[in-house]
Amino acid sequence: MANVIIIGATGGVGRRLARLLVGSGHTVIGLHRKPEQATDMSGNGVSPVLGDIIEMTPSELADAAQGADVIVFTAGAAGSGLDRTTAIDGDGPGRAIEAARILGITRFYLVSAFPEAGRLRERVDAFEHYMAQKKRADADVAASDLDWVILRPGKLLDGPGGDTVSLGRAITYGDVDRETVARVLLALIEQPSVRREILELTDGRTPIQEAIGDLRQG
Ligand SMILES: NC(=O)c1ccc[n+]([C@@H]2O[C@H](COP(=O)([O-])OP(=O)(O)OC[C@H]3O[C@@H](n4cnc5c(N)ncnc54)[C@H](OP(=O)(O)O)[C@@H]3O)[C@@H](O)[C@H]2O)c1
């Protein structure tokens with residue numbers, strides 16, 4: 001069983017992943033930045049740790065992650081400003097990598113973004129900045145010596161989720177439910193032989209386990 005710290009545990013993907021992990025018998029530490037979020041998290045079987053990724057040093061982040069053997073980074077500034085996007089989406093994963101090194105954690109999962117996101121609409125400077133920060137974080141993670149997986153979901157929706165996907169190193173852009181993303185993350189965490197991979201994810205027709213099995217053989 002894994003002991004997973006989720007950075008972004010109160011978010012759309014993070015809280016769904018926490019529920020699935022707990023339901024499968026894994027242990028979950030959830031980083032949260034508002035004190036009032038702790039009660040709900042505890043009630044759902046997650047150990048809450050208060051902290052803001054912008055303000056935490058890598059050493060403080062390592063303190064928060066004590067006992068974990070897997071880090072999931074699914075935090076995001078969610079359009080709350082350019083500086084916050086730089087600090088959370090851009091710098092955050094690098095800080096989490098430093099925390100992993102302090103603790104000797106080797107397994108790291110980053111929820112990133114599909115390179116084609118937003119390409120078919122008018123240019124929005126803040127969105128271009130967001131995409132550049134996501135790419136900067138991808139580069140930090142991919143250059144690390146960790147056993148990382150960078151997961152790039154398509155446009156996130158709040159539907160019920162499915163058990164079939166399109167998952168691969170390069171696929172066509174599309175939508176995917178946050179619930180499906182959480183299911184894929186759970187399956188990846190339970191399949192550590194899939195590592196040092198950049199994977200794109202949308203809704204599709206391949207059962208999640210089969211899609212991940214194909215990667216193992218690849
Ligand atoms: N929207 C899309 O279509 C799309 C597509 C591809 C990828 N993504 C990326 O996928 C990831 C997950 O998306 P989502 O919809 O689950 O995001 P979300 O619901 O906006 O969740 C973001 C999480 O980050 C946390 N967070 C924000 N600032 C923080 C800080 N300073 N310190 C610690 N935690 C902080 C939030 O905490 P609070 O609860 O306190 O706000 C929340 O838990 C994000 O990185 C997003 O950029 C999004």
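Modeller: D89 and K134 make a salt bridge, with their closest N and O atoms 2.8 Å apart. A salt bridge here is a side-chain nitrogen of Lys or Arg within 4 Å of a carboxyl oxygen of Asp or Glu. The pair links distant parts of the chain, 45 residues apart: D89 sits in helix α4 (residues 82-90) and K134 in helix α6 (residues 125-142). Helices (H or I, at least four residues) are DSSP runs, numbered from the N terminus.

Colleague: Where do these coordinates come from?

Modeller: It's a predicted model, where local features need pLDDT of at least 70, side-chain atom pairs count only at pLDDT 80 or more, and totals for chains, interfaces and linings use all residues. Residues are numbered from 1 along each chain as its sequence is written, and side-chain values use heavy atoms, with hydrogens and water left out.

Colleague: Okay, is D89 buried or exposed?

Modeller: D89 counts as buried, because its relative accessibility is 2%. Buried means under 20% relative accessible area, exposed over 50%, and partly exposed in between (1.4 Å probe, protein chains only). K134 is buried too, at 8%.

Colleague: Which residue does D91 meet in a salt bridge?

Modeller: R136, at 2.7 Å from N to O. D91 lies in the loop between α4 and α5 (92-103) and R136 in helix α6, so this pair ties together parts that are 45 residues apart in sequence. D91 is partly exposed at 29% relative accessibility, and R136 is partly exposed at 31%.

Colleague: How many salt bridges does the structure hold?

Modeller: There are 15. One of them joins E128 and R119, at 3.5 Å from N to O.

Colleague: New topic. How do α4 and α6 sit against each other?

Modeller: Their axes come within 8 Å and cross at roughly 20°. The axes are lines fitted to C-alpha atoms, for helices over the stretch in contact, and angles run from 0 to 180 degrees between N-to-C directions. α4 and α6 are therefore roughly parallel to each other. For that word the angle has to be under 35 degrees; over 145 is roughly antiparallel, 65 to 115 roughly perpendicular, and the rest oblique.

Colleague: And which residues in α4 meet α6?

Modeller: L82, T85, T86, D89 and G90 do, and their partners in α6 include Y130, K134 and R136. Contact means heavy atoms within 4.5 Å. So the buried D89 is also part of where the helices meet.

Notes: Helix = DSSP H or I, 4+ residues; strand = E, 2+ residues; numbered from the N terminus.
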